[in-house]
Amino acid sequence: MPKAYCIFSAHFSPHLGGVEGFTLNVANQLVNRGFLVTVVTNDTEKLGIGYSFENGVEVLRLPCISIANGRLPMPSCLNQRRKLLKGLYERSFDGVLVNTRFYPHSIMGIRFAKNCGLRPVVLDHGSAYLTFGNRILDSAEHVYEKIITGLGKRFDPAYYGISQKSCDWLKTFGIDAQGIIPNAVDAPSFRSLASERDFRSELGIASDWTLISFVGRFVPEKGVLDLLELVASGDLSKRHVAIVFAGSGPLADDIAVHQASLVTCLVALIKRMFLPFSSSPICFAFLLVLRVLLHLCWRPALAGVPRS
């Protein structure tokens, strides 16, 4: 009988984000090696609650209420959740991985592992507090994060960081990380999966222009607003630099507003565009034509390779 592993992640594909991508890749690689994998997540994308199989990975999506533009999924329909989780509790697993430590979903994963007689691995993906771009909300979030991290610590999980920065950040909460579980890019696979689309031609960007981009979640801690401020200053327009925003998130409207306000005076000098990617091959093709991938994150997570 192959070994079975359970991964708890508050968000999961097709929700866009670094943790989601990490969870998907880890699950796929484990399945490719012959292991059984169950991902327990929230139905933030309204795909339907319950169990499904996705490329060999069993996925359990639980009912939730999305708070703060979906960034904080909270449990809902508690009776329904209990029924869905009952079958999970009746099974045995060889290991439990909990991605991030500050969601109610994380606490559920930690408690589930203890119920199975296992010491869960809690992998932290950040290196700073979450931010909502609002001083009052941010202060409240800091208190919340300390409280929920304290709840998790009571169960004595094994904490790891996705980078040395993450391990250092855990010390803020009195946690000594046991090591690093790094993210990575499989370069040969990355190139082979890219589609044939030529984004430089599609966007009308001349070959002598430098194409740079931000790719990922449009949230404040990723430095999106700082980048927009740089674009608005006009400093890049003299350098034949084309900037493309690619991804999705709460700040998509802010990007659209900046684009609309600048289009009349900068359309011939600098190009900015919002591109929602529907599949990884498209994203891969886009990344291959970039000269520079921007990573202005306040919360760097990866050592050597930016999570975005």
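Student: Angles here run from 0 to 180 degrees between N-to-C directions, with axes fitted to C-alpha atoms. At what angle does helix 3 run to strand 7?

Tutor: About 165°. This is a predicted model, by the way. Helix 3 lies across strand 1, strand 2 (36–42), strand 4, strand 7 and strand 8.

Student: What's the strand order in the open sheet of seven strands?

Tutor: The order is 3-4-2-1-7-8-9, and the pairing is mixed. Strand 3 (50–54) and strand 9 (158–161) are the edges, each pairing on one side only. From one strand to the next, the twist averages 25°.

Student: Strand 7 to strand 8: how many bridges, and parallel or antiparallel?

Tutor: Three bridges, parallel; strand 8 covers residues 121–124. Leu-97 has Val-121 in strand 8 as its bridge partner.

Student: And strand 4? How many of its residues are buried?

Tutor: Six of the six are buried, so strand 4 is largely enclosed by the rest of the structure.

Student: Which residues point which way from strand 4?

Tutor: Val-57, Val-59 and Arg-61 go one way. Glu-58, Leu-60 and Leu-62 go the other way.

Student: In what sense does strand 4 pair with strand 2?

Tutor: Parallel, over five bridges. Val-39 stands opposite Val-59 there.

Student: And strand 3 to strand 4, parallel or antiparallel?

Tutor: Antiparallel, again with five bridges. Phe-53 pairs with Glu-58 in strand 4. The two strands form a hairpin with two residues between them. Asn-55, in the turn, has a positive phi of about 55°.

Student: What does Val-96 touch, leaving aside its neighbours within four places in sequence?

Tutor: Cys-6, Phe-8, Gly-109, Phe-112, Ala-113, Leu-118, Pro-120 and Val-121.

Student: Where is Phe-112, by the way? Buried or exposed?

Tutor: Phe-112 is in helix 3. Its relative accessibility is 0%, so it counts as buried. Beyond neighbours within four places in sequence, Phe-112 contacts Cys-6, Phe-8, Leu-88, Tyr-89, Phe-93 and Val-96. Tyr-89 is 23 residues from Phe-112 in sequence, yet 7.4 Å away in space, C-alpha to C-alpha.

Student: How do the axes of helix 3 and helix 4 cross?

Tutor: They cross at roughly 5° and come within 10 Å; helix 4 spans residues 135–153. That makes the two helices roughly parallel.

Student: Which residues meet there?

Tutor: Pro-104, Ile-107 and Ile-110 of helix 3 meet Tyr-144, Ile-148, Leu-151 and Gly-152 of helix 4. By class, six are nonpolar, one is polar and none is charged.

Student: Last topic, strand 11. How many of its eight residues are buried?

Tutor: Seven, so strand 11 (residues 241–248) is largely enclosed by the rest of the structure.

Student: How many bridges join strand 10 to strand 11?

Tutor: Eight, and the strands run parallel; strand 10 is residues 210–217. Ile-212 stands opposite Ile-243 in strand 11.

Conventions:
Residues are numbered from 1 along each chain as its sequence is written. This is a predicted model: local features need pLDDT of at least 70, side-chain atom pairs count only at pLDDT 80 or more; totals for chains, interfaces and linings use all residues. Side-chain values use heavy atoms; hydrogens and water are left out. Contact means heavy atoms within 4.5 Å. Buried means under 20% relative accessible area, exposed over 50%, partly exposed in between (1.4 Å probe, protein chains only). Helices (H or I, at least four residues) and strands (E, at least two) are DSSP runs, numbered from the N terminus. Two strands pair if DSSP finds at least two bridges between them. Angles under 35 degrees count as roughly parallel, over 145 as roughly antiparallel, 65 to 115 as roughly perpendicular and the rest as oblique. Ala, Val, Leu, Ile, Met, Phe, Trp, Tyr, Cys and Pro count as nonpolar, Asp, Glu, Lys and Arg as charged, and the others, Gly among them, as polar.
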